[in-house]
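Open the model in your viewer and keep the sequence panel beside it. This tour goes stop by stop, with something to select at each one.

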Amino acid sequence: MKQPELGYKIQNWRKAKGLTQEELVEKCNLNVRTLQRIEAGEVLPRSYTIKSILEVLNVDFSELNLKEDQQNQFSTLLENKSSYFKWGAIIGIIYLCLSFVEGFMEVGFYYESGNDISGINYSLVKIGVMLTFAVFYYPIYLMGKALNDSLLKISSLFLIVLILVSNINDIAVFYTSYMSVEVVLVARSVMFGIAYLLIGTAFVMRQKSLGTLSLVIGIFAIVTGLGFVSVLMAIPALFTLTIFEILMLVLIVKAMNADGLNTEKTSSKLSSVAI
């Protein structure tokens, strides 16, 4: 629902409840000027602001049709950040290839004493994985930002920070062995498990706005997270993780290809990808 219609409705619901603007903002933790601008149709509030107002007014959020406004917001994101999505897709492919190389190196290091592994090669692969992972996951953070989805933003950033810390620690362990292999593997498995459970939950909750693909991505992320958290199922979880990241790459490509703006075809594409 666009402004000023939204503002008029909120104003009418407020009056029907017999509330003044001052009384409503007190219950919603807003300021009077913000509510005045909303009711006057001067600004379109964020989804969580609308929800807090409607909860006080006992109005079902589903009564509002915000889909069109969210599509416009996502379309604007693609226009302004299209290069991030394009690079995210390209670098994502490189990351997937590097992650396989990293996996083979880690098997050699953790389970075969690592005597035949070059420290320089190991470090370069780890640094490459860190950088490509960050670029690959950044578009997911941008999606969360466009959707005002705190869980999607936090979980994607958490994974980026986690891969940086984890790989820097791996390099340090490779050269110094200041931590035992068992501690490194268990700690990493549990932490990544929690991270994938969070981002999986975020994608599942975004099924209505991002489509069926979001639900499938979320399910694979949750299964991956459960496997990592259990530690014992961490190896099988690597296979579901691969599927999850391939599906994420598909989502980024679909969002990137929806960047055609102001055409009927674009609207159709956006409705199948987002918001």
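Which residues does glutamate 39 touch, not counting residues up to four places away in sequence? Select it and look around: the partners are Gly7, Tyr8, Ile10, Gln11, Arg14 and Gln21. Touching, or contact, means heavy atoms within 4.5 Å.

Some ground rules. This is a predicted model, where local features need pLDDT of at least 70 and side-chain atom pairs count only at pLDDT 80 or more, while totals for chains, interfaces and linings use all residues. Residues are numbered from 1 along each chain as its sequence is written, and side-chain values use heavy atoms, with hydrogens and water left out.

**Stop 1: stay on glutamate 39**

Glutamate 39 sits in helix H3. Helices here are DSSP runs (H or I, at least four residues), as are strands (E, at least two), numbered from the N terminus. With a relative accessible area of 4%, glutamate 39 is buried. The scale is this: buried means under 20% relative accessible area, exposed over 50%, and partly exposed in between, with a 1.4 Å probe and protein chains only.

**Stop 2: H2 against H3**

Select residues 21-28 for helix H2 and 32-39 for helix H3. Two packed helices are described by the angle between their axes and the distance between the axes. Here the angle is about 110 degrees and the axes are 9 Å apart. Axes are lines fitted to C-alpha atoms, for helices over the stretch in contact, and angles run from 0 to 180 degrees between N-to-C directions. H2 is therefore roughly perpendicular to H3. The classes are under 35 degrees for roughly parallel, over 145 for roughly antiparallel, 65 to 115 for roughly perpendicular, and oblique for the rest.

The crossing of H2 past H3 is right-handed. That term applies if the near helix is turned clockwise from the far one by less than a right angle, and left-handed applies if anticlockwise. Show side chains for the contact: Gln21, Glu22, Leu24 and Val25 come from H2, and Val32, Leu35, Gln36 and Glu39 from H3. By class, four are nonpolar, two polar and two charged. Nonpolar covers Ala, Val, Leu, Ile, Met, Phe, Trp, Tyr, Cys and Pro; charged covers Asp, Glu, Lys and Arg; the others, Gly among them, are polar.

**Stop 3: two loop residues**

Go to asparagine 29, in the loop between H2 and H3. Its phi is near 60 degrees, a positive value in a residue other than glycine. Asparagine 29 counts as exposed, at 72% relative accessibility.

Then jump to valine 231, in the loop between H10 and H11. This residue also is not a glycine, and its phi is positive, about 70 degrees. At 30% relative accessibility, valine 231 is partly exposed.

**Stop 4: the largest nonpolar core**

Which of its 45 residues touch the most other members? Select Tyr137, Tyr196, Ile199, Phe203 and Phe244. A nonpolar core is a set of buried Ala, Val, Leu, Ile, Met, Phe, Trp, Tyr and Cys residues joined through side-chain atoms within 4.5 Å. The elements giving two or more residues to this core are H5 (67-111), H6 (119-146), H7 (150-176), H8 (181-205), H10 (212-230) and H11 (234-257). H11 gives the most, with eleven residues.

Centre on phenylalanine 244. Leaving out residues up to four places away in sequence, it touches Tyr137, Tyr196, Ile199, Phe203, Ile217, Phe220 and Ala221. Another core lies apart from this one; it has 13 residues, among them Leu19, Leu24, Leu35 and Leu54.

**Stop 5: H7 and H8**

Colour H7 and H8. Their axes are 9 Å apart, at an angle of about 160 degrees. The pair is therefore roughly antiparallel. H7 passes H8 in a left-handed crossing. Their contact has 18 nonpolar, five polar and two charged residues.

**Stop 6: threonine 132**

Threonine 132 is in helix H6. It is buried, at 9% relative accessibility.

**Last view: zoom out**

The protein chain has twelve helices and zero strands. Of its 275 residues, 46% are buried.
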